[in-house]
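Here's a quick tour of one protein model and the molecule it holds. Have a look at the picture first, then come back for the details.

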Amino acid sequence: MTAPFGERFAAAIAERGQFCVGIDPHAGMLHEWGLDDTVAGLEKFALTAVEAVAPYCSVVKPQSAFYERFGSQGIAVLERVIAESRAAGALVLLDVKRGDIGSTSQAYAEAYLDPRSPLASDAITISPYLGFGSLLPFVEVARINGGGLFVLAATSNKEGPEVQEAMTNDEFGGRTVGSAMLDHLRELNHGAHPVGSFGAVVGATIDGSGYDFAINGPILAPGYGEQGGTAADIVRIFGASAHHVVASSSRGVLRLGPDAGAMRGAVERANDELRSLLG
Ligand SMILES: O=c1ccn([C@@H]2O[C@H](COP(=O)(O)O)[C@@H](O)[C@H]2O)c(=O)[nH]1
């Protein structure tokens, strides 16, 4: 039986560090690598990046949108990215930001977290915009299969605060929407050791004051690198909770390709920097 995601996450970052690489085959990046914006270009790009970084980082985060763009053939490439990243020993966090009414959430959960699915990953990102309760099928399927979830709480983009910093009414605790999501995660992870399986997405670019990040769960911090987030920001934003954070960068690493040594070097530098600041 697969161990709970939280256990596997804690072991992975202890062994390989707190840096996550996003495998995001942007059309412009394919062009920079001298590849065509075709399925063949996508496959070459994504698998070259996986081979260069997956053996050296704890978490690999393919962004589903860049594969979906090519329809079923792009999804077939995503399946290989997932399989080859896992074979290289990295945890795969598929960035799909799914979420719907409960019955549909159930189907999404089975698509990404049931090991019988061709897209089965270690963890996925999910969106709570239909209410946290609508996500409970994801929680059930994750529990059964040892999977992990990362719920959007305080995202890295400048538009996020319109929703995430809106206040809930008294019936729902009179707190910001982002804080409400962190509170739900804290409840789900209560008592888990070494850390729970239910994580938050919190940008490495945000102010962060006003949030309590002690959720006893993993935290994905995208926006590191290209969007301006730094290792110092991880310490500033998360404080004592920083030891459960993976800082994620996509373009910041991929821009160095197709030179595998350069991409691997970027992973090692980021891991070293995070280790020296986070201990
Ligand atoms: O708050 C969020 C949530 C997800 N993302 C995703 O992370 C990467 C960022 O890519 P960079 O090239 O390192 O900027 C991308 O897949 C986003 O969809 C995010 O940026 N912010």
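Let's start with Gly147, which is buried because 25 other C-beta atoms lie within 10 Å. The cut-offs go like this: a residue is buried if 20 or more other C-beta atoms lie within 10 Å of its own, exposed if 12 or fewer, and partly exposed in between, with C-beta atoms placed from the backbone. What you're looking at is a predicted model, where local features need pLDDT of at least 70, side-chain atom pairs count only at pLDDT 80 or more, and totals for chains, interfaces and linings use all residues. Residue numbers start from 1 along each chain as its sequence is written.

**Confidence**
- The protein chain has a mean pLDDT of 97, and 100% of its residues reach 70 or more; pLDDT is the predictor's confidence in each residue, from 0 to 100.
- For the complex, the predictor gives an ipTM of 0.99 and a pTM of 0.98.

- Gly147 sits in the loop between helix H7 (136-145) and strand S5 (148-154). Helices (H or I, at least four residues) and strands (E, at least two) are DSSP runs, numbered from the N terminus.
- Count 33 residues along the sequence between Gly147 and Asp114, yet their C-alpha atoms are 8.5 Å apart in space.
- Ile234 belongs to helix H10, and Ile234 is buried because 26 other C-beta atoms lie within 10 Å.
- Ile234 and Ala3 are 231 residues apart along the chain, and 28 Å separates their C-alpha atoms.
- Lys97 is listed by UniProt, in an unreviewed entry, under "active site". UniProt positions are given in the numbering used here, feature names are shortened, and annotations may be inferred rather than shown by experiment.
- You'll find Lys97 in strand S3 (residues 91-98), and Lys97 counts as partly exposed because it has 18 other C-beta atoms within 10 Å.

- Strand S1 (residues 19-23) runs parallel to S2, joined by four bridges, and Cys20 stands opposite Val59. Two strands pair if DSSP finds at least two bridges between them.
- S2 also pairs with S3 in the parallel sense, over two bridges; here Val60 stands opposite Val92.

- Strand S6 (residues 198-202) is parallel to S7, with two bridges joining them, and Ala200 has Ile219 as its bridge partner.
- S7 and S8 pair in the parallel sense too, over four bridges, with Pro222 opposite Ser248.

**Around the ligand**
- The ligand is surrounded by 19 residues, and the closest are Gln63, Thr155, Pro222, Ser250 and Arg251. A residue is near a molecule if its C-beta atom, placed from the backbone, lies within 6 Å of it.
- Strand S8 (245-249) and helix H11 (251-254) are the elements that give two or more residues to this shell.
- By class, the shell has two nonpolar, 13 polar and four charged residues. Ala, Val, Leu, Ile, Met, Phe, Trp, Tyr, Cys and Pro count as nonpolar, Asp, Glu, Lys and Arg as charged, and the others, Gly among them, as polar.
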